[in-house]
Amino acid sequence: DLIARGQSPDKVVELVSAACQQRLATPGAVLAAESVRAKVRWRALLLEVCRDVKAGVESPLERRYLRFVERAHGLPVGTRQRLERVGRATYRHDVLYEEFGVVVELDGLAYHRDHRAAADARRDNALMAEGLIVLRYRWADVASDPCGAARQIAAVLRRRGWTGEPGRCSNCRRTPSAS
């Protein structure tokens, strides 16, 4: 019922991911509830979102990154929500490209306020001291320029051993390359 009232695709992502994070539902339970209804607003989106949540997506920003940066540009598939112990602290990575030692952190507007910035800086420093490269993107980076984010991530991955080539999404093909 809440999904039917969702005013945007991002709101649908937010509702499903929040319900799953809080263990109020699972993607399977959401899909089971959807399957018994004749008419479901956002049905196709709901199926995609449940698949993405199963893959570790926990927010609209993370889904946008997965769809418009990683998948659209043919980047390697990162591991999502991976826990890693560094010293006495345990960190959870939004996206980890383990083979290449690259972490992508996605900072949503609601979650990262000034009090989180210092903790994020300490975390980034600890990870970099362990040899990982940390790339941090905000909503505007992913929503407004996913192609630029993809080019930057691809360049770092290539420097760390990725032999693939980033693809060009439909938006990249419409605009000149910023090589």
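How many bridges join strand 3 (residues 102–107) to strand 4, and do the two run parallel or antiparallel? Six bridges join them, and they run parallel.

Quick ground rules. This is a predicted model, where local features need pLDDT of at least 70 and side-chain atom pairs count only at pLDDT 80 or more, while totals for chains, interfaces and linings use all residues. Residues are numbered from 1 along each chain as its sequence is written, and side-chain values use heavy atoms, with hydrogens and water left out.

Now the sheet. Four strands form an open sheet, ordered 1-2-3-4, with mixed pairing. Two strands pair if DSSP finds at least two bridges between them. Helices (H or I, at least four residues) and strands (E, at least two) are DSSP runs, numbered from the N terminus. Strand 1 (79–86) and strand 4 (133–138) are at the edges with a single partner strand each, so one side of each has no neighbour in the sheet. On average, neighbouring strands are turned by 45° against each other, direction ignored. Across from Val102 stands Ile133 in strand 4.

Helix 7 (residues 146–159) packs on this sheet. The helix touches strand 2 (89–97), strand 3 and strand 4. Contact here means heavy atoms within 4.5 Å. The direction of helix 7 makes about 175° with that of strand 4. Axes are lines fitted to C-alpha atoms, for helices over the stretch in contact, and angles run from 0 to 180 degrees between N-to-C directions.

On to the hairpin. Strand 1 and strand 2 run antiparallel, joined by seven bridges. Val86 has Ala89 of strand 2 as its bridge partner. Two residues lie between the strands, and Gly87 takes a positive phi near 65°.

Next, helix packing. Helix 1 and helix 4 (residues 60–71) pack at about 115°, axes 8 Å apart. They are therefore roughly perpendicular (65 to 115 degrees). Helix 1 contributes Asp10, Val13 and Glu14 to the contact; helix 4 contributes Pro60, Arg63 and Arg64. By class, that is two nonpolar, no polar and four charged residues. Ala, Val, Leu, Ile, Met, Phe, Trp, Tyr, Cys and Pro count as nonpolar, Asp, Glu, Lys and Arg as charged, and the others, Gly among them, as polar.

Conventions. Angles under 35 degrees count as roughly parallel, over 145 as roughly antiparallel, 65 to 115 as roughly perpendicular and the rest as oblique.
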